[in-house]
Amino acid sequence: MSIRSLTGRGAITRRRFVIGTGLWGAALAVPQRSAGAYAPVYTPASGRPDPLPGTRFDLTVGSVPVNITGARMHAVGVNGSTPAPILRWRQGDTVELNVTNRLDEPSSIHWHGIRVPADMDGVPGLSFGGIAPGDTFTYRFPLHQSGTYWYHSHSGFQEQTGLYGALIIDPRDGYAQHFDRDYVMVLSDWTDVDPEDIVSNLKFQSDYYNFRQRTVDTFFRDAHRQGLGATIRDRLQWGAMNMAPTDILDVSGIIYTYLINGQSPAANWTGLFRPGERIRLRFINASAMTLFDVRIPGLTMTVVQADGNDVEPIPVDEFRIGPAETYDVIVEPTADGPYTVFAQAEDRTGYARGTLATRPGLAGPVPPMDPRPLRTMTDMGMGNMDMKGGMAGMEMGSSPGKPGEAPASGGMDMDHMDMKEANRPGAAAMDMPGMAAASRHKTELKPGVAVQSVAMMPINRLAEPGDGLENNGRRVLTYADLQATISGADPRPPSREITLHLTGNMERFIWGFDGKKFSEAEPIRLTLGERVRFVLINDTMMEHPIHLHGLWSELENGQGECRPYKHTITVKPGERLSYLVTADEPGLWAYHCHLLYHMEVGMFRTVVVS
Amino acid sequence: MIRGLIGGTVLAAGLATTVPGTGRAQSVPARQSEGTQEAQTASAPAPVVYINGIQPVMDHNIYMHALLDQFEARFGADGGQFRYDGQAWFGTDYDKLWLKSEGTVGTNGKFGDGDHEALYDRAISRYFDVQTGVRLDIDNGPTRAWGAIGVEGLALYFFNVEATAYFSDRGAAGRLQGSYDILLTNRLILQPQVEMNFYSASDRARGVGTGLSDIDTGLRLRYEWHRKFAPYIGVSYSGTFGQAADMARSRHERVQDLNFTFGIRTWF
Ligand SMILES: [Cu+2]
């Protein structure tokens, strides 16, 4: 047991406001270039003056002393820093990376989102034998793609303890969007607690890190607000499932300090600009367990890329980014600033914060965190039956999502369902086009040790911004908004469907697919060249960012042929969505939830392309 | 752009060489090694071989925890007592070795109510485990051994329950335990708790009687200063009933006790 985990809530204040002078506390790496020059300026996370450019790299994985919270700890980093150095590549080049492991345990580096031959993917057991202590492994692969990606360890919990870094591949033919300045924004969650302790604690008490549960006090407040009867009914409803609507994130700000580019909110990472410039911000969620809601009060962010692929520019005030996803946005501050980059954790137990300013040392106001979300019956897979869910459904009706491309498998098309019906559960259930499929799976999958619940009526939630972001007065990005700038490379319809349920038992902290952990399940087999549709049904009450290695996942979000290509797709609770995959690269690929502790306890599959 | 390129090279290469047009390729049946495993299905694919036998995730780890639910001093009109009640487990998500132990050092200074169990625990449903094993009553009284079978878990509405049946050549016994956490705040928790013991036959030497023999119940208010360390105060009531009460009276022991209690709940 870590003593530091004893400190409890009082520690939050300390963590948040005591300067976390890590390696980079003082090194704000001020870009000293003329704003007139169009050469993009990168400010590194590591305190280095520039990202490492080139095609040959020597990377050494090793222990790095850090002090994020006031306690001296050891992180796992690369070349003496965490986050690892920014790597900057050029599309069309072949890169060579000599990775030496100076830890006393095996290590590995996986190039997240990069299309590589399978033996270069970096997942121990699947693509190579890992890198033993003292050994060097040479990765070498051509770069077919461009965009913002990242790299991280795929060994144990090394990703949680600091082994992650940004990588940028500049497009061979230049950027579609002009910009003057360029910053990598690596979001992460740091804890002084040993990750092994975290997972063990969750096995014993799954709400260990949730100090926001409903209490006697909230009971009386709710009763006052919505009536005693309704409050009792609500408590009984959740109690009858042994679930709590306050289950938002498994690991919370009670032990996490949220970082931008390795800097705590107190250290306040700062990026400089001159008024009038177009600044490209490359957001990468490199956290282990945290969904972030990102906004820059006072600035509109134009999303230009998702998971490394260009999308039609879409201006938003805010976006949610799940673990492992990346979004590039462009902002154009015309005033002096400073502007606060505010990334609050989904459960609102903390935030990462940085600043865009015209000179170092400035800090804008930090907005208060939003109210924390509560899970609803929609999140429980009961469709749009309760009030909150119903409202989310109403938003969908006016969303720009085109219903035409609803998956043939029967993704539910809320546009065609009028609200009267939505409010009449029985009728709604019968009218739902996807019910046949859903109920078929319901009979296959039963609650049990590894399955706490099965979504009775999973729905299409792609046009919903997500729990905690509805009706907040801001324009929030949704998956339905993402439209690729070019149509997909493979026009063939899928030849078959693979339906997977995302399952778990919160109480026992068991996670898997179809009620099975990795070690209990057969691999998913794809034939080289085949085109398949993956249908995911989230039976749990949490979001799961599902990541398929080595192949693209083309989200069927109603954008016709211009499906966004993603490497990681965050599936909302109670949601059913689908995406297309062309199995164009042979090998063994990892397929898993990118919540690190979900993956480690079994939410993982091997995909075999042969 | 990237997709054009992927489409242009990787995909095209892949398609050209391997896919007959429609992409409706049949997977090539990989022959199961000729032998006894005679065609489960003719096209059973070769099992996946992990490089160097490395599992990409460790989802069957063994975890170990111990909970000391009660570790407390009790003060009543007639003096003080000390009581503990704890459990420990060791194992995977599905199979565990489970140890339970409880006992009371009474006002008379004697160790009583000593109950120690070693159980194999198997997860059987979302919230419940079945436990089978042995129970030994070891304290200042004569030692007794029992076989045990029971369930432990989280009943709906978040009630923690344990129900166990015991068997020996002396007959059968049963124990029901339950508790519930009422969150006054997220750290201040009021916990009603009850334990009831039943016996099919009396055992004069151990002071237990047929039917409902004894109850130990309490209402504790703990403060979770840390999840793993919570001091508490409370009141506890313990009583004997029926035959057991008669036995207690005949020994000039108290039939029931109402105590002020303070202690710690801790786990690690
Ligand atoms: Cu997950």
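Strand β15 (residues 292-295) of chain A pairs with strand β20 (residues 339-345) of chain A. The pairing is antiparallel and runs over four bridges. Strands here are DSSP runs of E, at least two residues long, and helices are runs of H or I, at least four long, all numbered from the N terminus. Two strands pair if DSSP finds at least two bridges between them.

This is a predicted model, in which local features need pLDDT of at least 70 and side-chain atom pairs count only at pLDDT 80 or more, while totals for chains, interfaces and linings use all residues. Residues are numbered from 1 along each chain as its sequence is written, chains are lettered from A in the order in which they are written, and side-chain values use heavy atoms, without hydrogens and water.

**The sheet in chain A**
- A:Asp293 has A:Gln344, in β20(A), as its bridge partner.
- Five strands of chain A form an open sheet, in the order β13-β21-β20-β15-β18. The pairing is mixed.
- β13 (269-272) and β18 (318-321) of chain A stand at the edges. Each has a single partner strand, so one side of each lacks a neighbour in the sheet.
- Neighbouring strands of this sheet are turned by 20° against each other on average, direction ignored. The axes are lines fitted to C-alpha atoms.

**Where chains A and B meet**
- The contact (heavy atoms within 4.5 Å) takes 85 residues from chain A and 62 residues from chain B.
- The buried area between the chains is about 6400 Å², with 59% from carbon and sulfur atoms. Buried area is the accessible area (1.4 Å probe) lost when two parts are put together, summed over both.
- Three salt bridges link chain B and chain A. Each has a side-chain nitrogen of Lys or Arg within 4 Å of a carboxyl oxygen of Asp or Glu.
- B:Asp129 forms a salt bridge with A:Arg508; the closest N and O atoms are 2.8 Å apart.
- Elements giving two or more residues to the side of chain B that touches chain A include α1 (2-18), β1 (63-76) and β5 (128-137) of chain B.
- The largest share of that side, eleven residues, comes from α1(B).

- Most residues other than glycine have a negative phi, and most peptide bonds are trans.
- The peptide bond from A:Thr82 to A:Pro83 is cis, with omega near -10°. A:Pro83 lies in the loop between β4 (73-78) and β5 (84-90) of chain A.
- The bond from A:Gly337 to A:Pro338 is also cis, with omega near 0°.
- B:Phe158 has a positive phi, near 65°.

Methods
Axes are lines fitted to C-alpha atoms, for helices over the stretch in contact, and angles run from 0 to 180 degrees between N-to-C directions.
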